[in-house]
Amino acid sequence: MTIRLSFAPLALAALLLAAGCSDDEAGTPTGPTPAASEQMEPTADVPGMPSEMPDDAPKVEQPIENLDRFMSAPCDALTRSQAAEIGLDDDIQTNLDNTQGPQCALSNQKRDQLTIVFSKNQPLGIAGLYLNKQQSPDFYAYFEPVDIAGHPGVFADVADDRNDGLCAMSVGLTDKQIAAMVIDIKGETDPCSTLKKAAKAAIQTMKKG
């Protein structure tokens, strides 16, 4: 059965912002075009990029080394059995042409959904979200750091719809690469628990290569 998917663009957009402020718009997170972000490096030599990250921005101590495989096949980040454990294995779709980055969307017949995007638009990695928050403290409606199988993550979104079944998260795969994940489970009052389970499974799968 093929299900038409409608992932949560607001949540993904919030996670995929490339942090940075222009001189005339201090405190406003801005994002480069995808083509520009692919070439950016988080150093002081890149125009518009800060030379220092927020003190609380975590490092990725054990980066995933084989990301090329998952960038070309994002749905390989979760095995079929892992998708079944969270009840989202009825329909699995890959979109390599997504402007935000390679995307995998998993859903069931109830139209619950998990979307995973390997971001091309967050060149600062997980630290970019911390910089967004530092520059615009009210930008995120919620911002909750979390450990995902030894990798730094953060639950964050510009609107708080968790009581309606929607939860968003970003996980640092390397210091320059994140996976943005959004789950939408109708009627679920604690969707972040399911999202955390899915994220942990994805990290474990990617570490195995």
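Predicted model: local features only at pLDDT ≥ 70, side-chain atom pairs only at ≥ 80, totals over all residues.
**Figure 1. Strand β6, covered on both faces.** Both sides of β6 are shielded: L166, A168, S170 and G172 lie on one side, C167, M169 and V171 lie on the other, and all of them are buried.

**Figure 2. The partners of β6.** Which strands pair with β6? One of them is β5, which pairs with β6 in the antiparallel sense over three bridges. To find this pairing in the structure, look for V154, whose bridge partner in β6 is S170. Another is β7, and here the antiparallel pairing runs over seven bridges. A handy landmark for this second pairing is C167, which stands opposite I183 in β7. The chain passes from β6 to β7 through a hairpin of five residues.

**Figure 3. Strand β3, another covered strand.** Residues 113–118 form β3, and six of its six residues are buried. Q113, T115 and V117 point one way from the strand, while L114, I116 and F118 point the other way. Every one of these side chains, whichever way it points, belongs to a buried residue. On one pairing, β3 meets β7 in the antiparallel sense over six bridges. V117 marks the spot, standing opposite A180 in β7.

Figure 4. Strand β2 covers residues 103–107 and runs antiparallel to β3, with five bridges joining the two. Among the residues to look for here are A105 and its bridge partner in β3, T115. R111 counts as partly exposed because its relative accessibility is 45%, which lies between the limits of 20% for buried and 50% for exposed.

**Figure 5. A149, in the loop between β4 and β5.** Here is a further residue with a positive phi: A149, at about 50°, although it is not a glycine. Find it in the loop that lies between β4, residues 142–148, and β5, residues 151–157. Is A149 buried, exposed or in between? Its relative accessibility is 30%, so A149 counts as partly exposed.

**Figure 6. L96 and the residues around it.** L96 sits in the loop between β1, residues 91–95, and β2. With a relative accessibility of 46%, L96 counts as partly exposed. Which residues does L96 touch, once its neighbours within four places in sequence are set aside? The contacts are with M71, S72, P74 and P102. A73 is 23 residues away from L96 in sequence, and the two are 8.0 Å apart in space, C-alpha to C-alpha.

Figure 7. Rolling a probe the size of a water molecule over the atoms shows where empty space is left. In this protein, one cavity of 30 Å³ or more is counted. The largest cavity has a volume of about 40 Å³. What kinds of residue line it? The lining of the largest cavity holds 10 nonpolar residues, no polar ones and no charged ones. They are A77, I116, V171, L173, A179, M181, A199, A202, I203 and M206. The largest share, four residues, comes from α6.

**Figure 8. Stepping back to the whole protein.** Finally, here is the setting for these close-ups. The protein has six helices and seven strands, and along the sequence they follow the pattern α-α-α-α-β-β-β-α-β-β-β-β-α. Of its 209 residues, 49% are buried. Taking the contacts between residues at least 6 apart in sequence, 59% join residues at least 24 apart. The protein exposes about 9,900 Å², and carbon and sulfur atoms supply 46% of that area.

How values were computed:
Residues numbered from 1 in each chain as written. Heavy atoms only, no water. 1 Å grid on protein atoms, 1.4 Å probe; cavity = no way out; pocket = protein on both sides within 12 Å on 5 of 7 lines; lining within 4 Å. Points joined across faces, edges and corners; volume = space filled by probe spheres on them. Nonpolar A, V, L, I, M, F, W, Y, C, P; charged D, E, K, R; others polar. Buried < 20%, exposed > 50% of the residue type's maximum accessible area, 1.4 Å probe, protein only. Contact = heavy atoms within 4.5 Å. Areas by Shrake-Rupley, 256 points an atom, 1.4 Å probe, with all protein chains shown as cover. Pairing = 2+ DSSP bridges.
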